[in-house]
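Dear colleague,

My notes on it follow directly after.

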Amino acid sequence: MDQELRTSASYPRDSTIDRLFVAAAGRFGGRAAISWDGGVWTYDELAELSARVAGGLRAAGVTAGSVVGIVGGRCPEACVTMLAILRAGAAFLPLDDALPPARLREMVGQADPVLCVRLPNGGRIGRCVEFDSLLDGQVLPAAARPPGQGTDSAYIMFTSGSTGKPKGVVISHRGVIRLAVSNSAIDITAADRVMHGCTIAFDGSMLELWPALLNGGCVVLAERELLLDPAAFRTWLRGHDVTVAFLTTSVFHFIARLCPDAFGSLRLLFVGGEVLDPGLAGQVLRSAPPGRLVNAYGPTENTVFSTTHLVAGGTDDRAVVPIGRPIDRTTCYVLLPDGSLAPTGSEGELYVGGDGLAKGYLGDPAETAARFVTATPAGVPERLYRTGDIVARDEAGVLHYRGRRDNQVKVRGVRVELDEVSRLLAQHPDIDQAAVIAVRDEVSQTVVAFYTSRVPTPIPGTLLRRYLSEVLPGHSVPTAFHAMTRLPLTASGKVDHRELARSVRGDEPHPAGGPNEVLAHEWGTALQLSEPIDPEVDFFAAGGDSLRAARLIARVIAILGLDGASGQYLIRALLRTPRLNVLTQAVAAVQAGTATPDPLPADRWRADIRLHPAPVRTGPVTPPTWRDPRRVLLTGGTGFFGSYLLQELLTRTEAEICCVVRAEDDEHALARLHSARHRYGHVEPVDPKRIRALRGELSEHRFGWAEAAWAELAGSVDLVYHSGAQVNFVYPYEWLRRTNVEGTRNVVDFARARRDIPVHYISTIAVLAGFGSAGVTEVTEDTPLAHVERLSMGYPESKWVAEQTLRLAASQGLPVVIHRPYEITGNTTDGAWNTDAAICAFFKAITDMGSAPDLDLPLDFVPADYLASAVVHLATHVAPAGQTYHLTNPGFALLPAMVDRLRAHGHPIDIHPYHDWVHQLRDFAAHHETHPIVAFVPIFTDPAAARDITVKELYRARIFPAFTRHHTETDLKDAELTCPPVDDRLLDSYIAYFHQTGYLTPPRVATTHQADVP
């Protein structure tokens, strides 16, 4: 099994794409949003244009929840139209007018759009309005946008269906936002310029658009011809300062074979859609590698990507490239046919889920129910999509693709159902039987058909191609048709597809002779034609495509010894008039030197220390059995540490764990809880009877529960673990008070409603920072809290007040225990961290900036699994009597230790005086608006209260008070728990995790310190 579902605390899962774009436009207004040959639109301009078009759509009858078609190709106006449709509260339906009319009619019939927007030079389908006419509408203010939420439909993307009908996959706003915002696997920033080269009817275009437009980046439109000329593509990437690109695997293979240094200027290159050739990937990495080469995998039904794998240099060119691990907010399971988890190394079908999961197939509840299933691989129900892909998970949790369980293939990154093609071909009146296979060549796969005929002579391939082109998209139409007297059969009587594959004509040496003979041969080879070549036949109508056109031109140039600069001219000639005789004339012009190339055209705390009135109890009270609890209440179970606390309770006790979860209902609460377990690496199956998820809001009276439910739980719970909090190091106290203080007050109400239930509160050592500011050098676990006015940060202030509130409850008889950890870090098994933590952002900034401050900052790391074990042991073995535990690391280190280890792993890092480094940080943040450190810059720049230092400097070793651990060491003496010291081994495990997940970009070339890494 491989499963993860990591998420950012700031991930706006309940927002909508258009709202996030409007927010981005507010931040990046004057910066370029879309660039193309001939123009640029800024964020302000794109926002204004999309608002005008949205107003025009509303005036034309578009209402919230409706569907609007977009007819045409990739262009700036397409981006405006998508945004406008979303701003009007509707969903968009991309319609590529290059598809067969019958196919388009089927798609429009299924989706039933209220109207279609015709882009410049687009075709006409259904009720069309011109894009330009919508610009005359009244601007639709952002406030006028109909109410919406993350689960609303954002777009419909059609894929092939085995029944012959295309399937409309309905994707929600949440699915796109999960991909585009705060996703460590995608990592698009405001500094990036992202190539847009996919057709808008291919879901790869969603990756090219939204991660850029929601994060302040610039979308750079690429002309179609560029992908057919590797040398021109390389020049274009550099000339347009493109930093991020997505290519289908077949396009990557084509460019890598002919121009492996084309990608060297990219920071990030995603490749996906088919099996990646390890030899070509290795050739690129040895030549001029991009900053990161990422092999990506994912079905349309899970919003573009489900897994990614960082392809590293130095790997075996013969080794199969894995599809990797799940991206943020995604779950993956490898299941056997009986629904059980496949053992490590064993093959099984891949099931995917998480926030990217589609809503289903449009108008097809039966197919939706068949492919979107509810399964319980981890012990609780979860909605998953059956991919049909066979994979295996290795010991490191990495997924490896093995094949398909059905007859589906990918051609140029697009799904093709071979059964659909063969079924439609067999419906031709002159065909008796038909079979279709996929044949792989050096670039991609191609579809080849075989048939037996009811007529005495072979049917011309052009006629069969024309017949299928009326109902199938171009990538599904076979490139060759082979007439046979009978189809070969296996011993079981089924068509022998292996024998058909062996009969396909292979590549032949190019013939000797003049240009005409060479061209004719290469033309036929590109199209895999078995019949005589007609020089007047349209290359694309005959089964050609952009990749085969590109390969054709490249081979012609190589064979005839033409100047490589002629590639752009020849490709344009082929695209303009795709016939053999015209290409022959263009080649002759190049040889004669007469070719003319076409021009190539951004004190408020203490008042809150109070309790609600104590309840009046009636009747006998049964004391809680805290040593052997039967039922436990847990808050914060969806957080990083809360998930470890839940896991420890499941492992060390027999109790039913009742989890208070912010959610829409109990079912959603369970899903969130389950997702959090996956996100933070808890893969063990769970007895559903052990976990009870309850929708609740800490800050609401009785958590928002009915009185009967409140009373029933208050009378049966034996222990309360209060780990829930709003964690934010920038928000002021007043913004955090509702959850962190009022929520704690409500926890006290629960604990003493029926009987005095012990409350174990997860606080933070940061509540002691005020002591150091006041000059206090040492604090014990019994020292009364003080100096809240010197904490200088809202989060520790709220925890300080919450602690004091609990102390007040303790003085009135409630059993209370305070646990104060320092930095809660990755676990002790594989180093998995919550990379949303401020310290992680700090490390990432150090590596990305190449500099670190000269700062005696303690690295007092407390691994999450150790901490959870310690808290549960103390809660079930030591009587609660108002004690405090400093759950910190006696073997802590200082920041230079981490810098040394980062250097040893190849990261070049300079050391600068703290205030000089802070100036560098400010400049870095100004140019990297979406870098995770940006949210934490105020910690380094804001002045601390009552001291001439910054907030971060309060935590320097020479300022932060020393603290004793007497109660901790005494009460954990017999627990057989050891907190691992912060040494090279621990730090290396964390760095390895950061590299493995892509959170830190592994250096291309290690420094001489590399030998120091164990």
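A residue is called buried here when its relative accessible area is under 20%. The model is a predicted one, and every value in this message was computed from it. By that cut-off Asn834, at 18% relative accessibility, counts as buried. Asn834 is found in the loop between strand 34 (823-825) and helix 25 (838-849). Setting aside neighbours within four places in sequence, Asn834 is in contact with Phe640, Tyr680 and Cys840.

The aromatic residues come next. Across the whole structure, a search finds 36 aromatic pairs. One of them joins Trp833 and Phe994 in an edge-to-face arrangement, with 5.4 Å centre to centre and 80° between the planes. Trp833 lies in the loop between strand 34 and helix 25, while Phe994 belongs to helix 31 (residues 984-997), so this pair ties together parts that are 161 residues apart in sequence. Both Trp833 and Phe994 are buried. A further pair, Tyr955 and Phe960, is stacked, at 5.5 Å centre to centre and 25° between the planes. Tyr955 counts as buried at 10% relative accessibility, and Phe960 does so at 7%. Trp833 and Phe994 also belong to one aromatic cluster, together with Phe842, Phe843, Phe861, Trp917, Phe940, Tyr990, Tyr993 and Tyr999.

The axes of helix 1 (residues 17-28) and helix 2 (residues 43-59) come within 8 Å and cross at roughly 145°. The crossing of helix 1 past helix 2 is left-handed. On the side of helix 1, the contact is made by Phe21, Ala24, Ala25 and Phe28; helix 2 contributes Tyr43, Asp44, Leu46, Ala47 and Ser50. Of these contact residues, seven are nonpolar, one is polar and one is charged.

Helix 2 also holds Gly56, which is buried with a relative accessible area of 9%. Gly56 and Ala88 are 32 residues apart in sequence, and their C-alpha atoms are 9.4 Å apart in space.

Helix 3 (residues 76-87) has twelve residues and reaches 17 Å from its first C-alpha to its last, close to the 16 Å expected at 1.5 Å a residue. Twelve of the twelve residues are buried, so helix 3 is largely enclosed by the rest of the structure. Among these buried residues are Glu77 and Arg87. Just after helix 3, Gly89 takes a positive phi of about 85°.

With kind regards

Note on methods:
Residues numbered from 1 in each chain as written. Predicted model: local features only at pLDDT ≥ 70, side-chain atom pairs only at ≥ 80, totals over all residues. Heavy atoms only, no water. Axes fitted to C-alpha atoms, helices over the stretch in contact; angles between N-to-C directions. Helix = DSSP H or I, 4+ residues; strand = E, 2+ residues; numbered from the N terminus. Left-handed = near helix turned anticlockwise from the far one by under 90°. Contact = heavy atoms within 4.5 Å. Nonpolar A, V, L, I, M, F, W, Y, C, P; charged D, E, K, R; others polar. Expected span 1.5 Å × (residues − 1). Buried < 20%, exposed > 50% of the residue type's maximum accessible area, 1.4 Å probe, protein only. Phe/Tyr/Trp six-rings, centres within 6.5 Å; stacked < 30°, edge-to-face > 60°.
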